Amino acid sequence: MQFFSETKIDFISKRTIAFIISGTIILIGIISLIINNGPKYSIDFLGGTLLELDFTPVDANAESIKIQDIRDVLNKYGYLGAEIQEFGNPNYILVRIKGSKIVGKQVIDILQKEFPKYTKKNMNEFLRRQEEVGPRIGEELRGKAIKAILIAMLGIIIYIWWRFELSFGIAAVIALFHDVFITIGIFSIFGREISLPVIAALLTIVGYSLNDTIVVFDRIREDLKIYRRDKFKSVINHSINETLSRTVITSLTTFVVVLSLFLFGGSVIHNFALALLIGIIVGTYSSIFVASPVLVEYYERSGKKSTLIKR
Amino acid sequence: MKKSKWRTFLIIAVVLVTIYYLLPLMFTRDTVVCNIEIYDQSDSLLKSITGEEYRVGSKKYGDKIDEMLAKTKTNEFLEIRTIIPADVLADVKVSPEKLQQMQTVKINVKNLKSEVTLPSWFSHKTLKLGLDLQGGMHLVMEVDTSELPKKDAEYAVKSALEIIRNRIDQFGVSEPNIQLIGDNRILVQLPGLHDPKRAKNLIGKTALLEFKLVAKSDDIKKAIENLDQYFQENYSKYAFLQEVKEGEEAAVESSLLEDVKDENIEKEKVENENIEQKKEDESKKSEEEIEQKEENQHSKVFSSLLASSQNELIVENENLPVINKIIKLPELDKILPEGIQILLGKANLEDPYGPRPIFFLYKNTELTGKYLKTADVSIGQGMDPRTANKPYVSLEFNNEGAEIFARVTEKNVKERLAIVLDNVVHSAPVINQRIAGGRAQITGNFTMKEAKDLAIVLRAGKLPAPVEIIEERTIGPSLGSDSIKAGFISAIVGLIIVILFMMVYYKAAGFIADIALVFNMVIILAVLTMFRATLTMPGIAGIILTIGMSVDANVLIFARIREELKKKRGIRSAIDNGYKRAIITILDANITTLITAVVLYQFGTGPIRGFAVTLSIGIIASMFTAILLTRAIFDAFILNKQRKTLSI
């Protein structure tokens, strides 16, 4: 079985269209980020309290609790900014209160007092998850996350510089920023939170997309030696086509397992899996339509020749 | 050929190591020794079954508990709500309606015994689950050292760490992780915790160092008599008393009275025994007498919990749960003689399941840590064999403290002064003479480590800086087990789809890649066990991602082999060239992914590190399985038969 046999698609000539599409998506993301005052950070980065509570009614025939009722009670006690939502099951309620004070214990006490019909006596079953982060830790983590992504990028540039040449490294990193920006943008558009696991997902996307890009680059390096007399552009086209089958298959297998994680992995891992799903699609796209075309663009504009050809 | 010999050797080695670490994980642990506590709807204890050897599968306590016990690890606390079979609760006086309701059951597995015992040289390591999978509490605390000079700051953080460790040890959580992170932060991880509120209160409490006098023998005797009498009269009120194995009172009594040498008591005891003997002879004569006998049977409930060792009262580990409950009874004050309290001594760090000393003290606090200036370890000088070259702890009080100390020691020569920290007695030396000048020594047969610990604990009593909780993550056990299930299902679904896809797309070659893929999963688990790494939910995500990414190496190789085959090369050279060309690409691609994984590890905390770890192991293992292992299979395939076609 084979999906693609000997394709001869001219990817490079379509690079302007690709650049426009990418640019537009990134722009929409940036606009969304500006409107929403930056990314929607989770309590990991802002500080605050997150509670996942099991409001399964004690009486099995009773109706599930109404979110509005919980909101009213919390408002009554002065927790005005609380975000309350269902979490994977109508009885599982997620309460998020951002801010500098750690209030988890008080909120649990209030809810247990006000909703005796839903809150079981047994604390262990009522409280599924409690996360409280002081604002200072949040700030530090934000700094650390940005630093981590930058360090990873730097490491990658250096490695590719060593194995290929500097322009390849820069082209790869441009593609990676492209992937990260689009993922953050889409998260902002859909109002999803950037939490610690999402940062982990972003770094994984970086690794994954790079994997794809390097496979193409590797082929380019090989083909530049074989087809010395051909135009740079056509060699690259040739390399992308040769690796196309592999790129699609690997993306497919990875996509399928992450989809499985997204669908069955439970609510805790949901945002993480979503970021990976977006990242795999965008990363596959960028290794074909961004990384290599950026290389072509660079060599055509500068009029230089790749040092890899001479070797 | 030499190369392939090495390859075979390496593959066999990896298989053996994997078996060594994973085989023990696969054997179900058939017998457990556990403590089970059963509570009713309103959280009051119905029955507690301590230290019972229980065979999983006998369904003695109902299916649900059986299922939980089968999964439980040593020293893990579990709590479930279920219906307990009536015969288990038979001797608990509850109404039939109540029995039909759901009860809360807390289980603490103390020991696991495998029926199928592997040779002892097999690995005994188990796969550690992260807090997010087994439930538990993660705390980060910050010691506020902003108002301290730099030199003191470091010391303040260390003391705080000791205090916290001390308290958690008292709390009795198994396998806690307490460590310093950065300059002034303390990380506390308590797995399998079932009362986060209480734990947090305990950790946040201020440390209290107190000096109290140990009660005189007569008072101790009186206290024990009072307790015995009270529990005899109110035996039915306390369900947990049924766990007490009675009949060891003789040993306790005699040891306790050794220094008093009260012959009367000895006589009394003999008489008592005689009466019992007679009773037994005449037993079953009338109902009345049986009742009387029953009363007498419980006459030494409390004292049978105690034992003695080197003139000190101790409590064996198996009796600790009952003693702890008794000490916490709110009515205890009324039972004990006026002004007496009971405290436990420090648990022995080297023998956590050994006995613990128990002390009867006068409630009145003679001196507190408020007056302590410093505590240090010194080595004894001079010729005295009792102190020379032996470490001791020296204390220094401030002026006010020195005055009080002098007064107290003068009044109580030959008595024992207990050093109590957070309600645990750390030592109780005998006062030899009046001590003036505010300096005191705690001598004893200390090892250097013990003496240091004691000094730290003493200093720790005087917490030099406030401690604040800045991060807390608590995962309930229900969410943890949901996550395990979810992770398992998504891994299996992903794995099956990828396996089928590879077989459809690459036929026989795909099947070979599938073998490599499954082997890769097994290696990840073995390596995690080997390095005692923790498996977290993001860790499971890392394994799942590896499923997708590790076939990539084979996809690359197979794509190359197909290309070579198109060039009308022979099978052997197509495979040779396919591998040779793909390996460079695989290395480049995987090394860059490893770079990001390493950065992720550096940056991440707890769960995220778990992801970086499994992803890294997965990548490295995939290079082994997808390149070496598949190549070996291919070679074996070609070597045996002269094949003209390759199913790829």
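A note to myself before the first entry: helices and strands here are DSSP runs, a helix being H or I over at least four residues, numbered from the N terminus. The model is predicted.

Entry on helix α1 of chain A. I checked the length of this helix, residues 15-35. At 1.5 Å a residue its 21 residues should span 30 Å, and the end C-alpha atoms are 30 Å apart, so the two agree. Just after α1(A), I found A:Asn37 with a positive phi of about 60°. A:Asn37 is not a glycine, and I noted that most residues other than glycine have a negative phi. A:Asn37 sits in the loop between α1 and α2 (43-46) of chain A. Is A:Asn37 buried or exposed? I counted 7 C-beta neighbours inside 10 Å, so A:Asn37 is exposed.

Entry on chain B. I came across a positive phi at B:Arg532 too, near 50°. This residue belongs to the loop between α15 and β20 (534-535) of chain B. B:Arg532 has 10 other C-beta atoms within 10 Å and is exposed.

Entry on the contact. I looked up its two sides and found 57 residues from chain A and 59 residues from chain B. On the side of chain B that touches chain A, the elements giving two or more residues include β3 (77-82), β19 (467-475) and α15 (477-530). Which of them gives the most? α15(B) does, with 16 residues. I sorted that side of chain B into 34 nonpolar, 15 polar and 10 charged residues.

Entry on the strands. Strand β4 (residues 127-133) of chain A pairs with β19(B) in the antiparallel sense, over 5 bridges. Opposite A:Arg129 I found B:Ile475 of β19(B).

Terms used
Residues numbered from 1 in each chain as written. Chains lettered and ligands numbered in written order. Predicted model: local features only at pLDDT ≥ 70, side-chain atom pairs only at ≥ 80, totals over all residues. Contact = placed C-beta atoms within 7 Å. Nonpolar A, V, L, I, M, F, W, Y, C, P; charged D, E, K, R; others polar. Pairing = 2+ DSSP bridges. Expected span 1.5 Å × (residues − 1). Buried ≥ 20, exposed ≤ 12 C-beta atoms within 10 Å, placed from the backbone.
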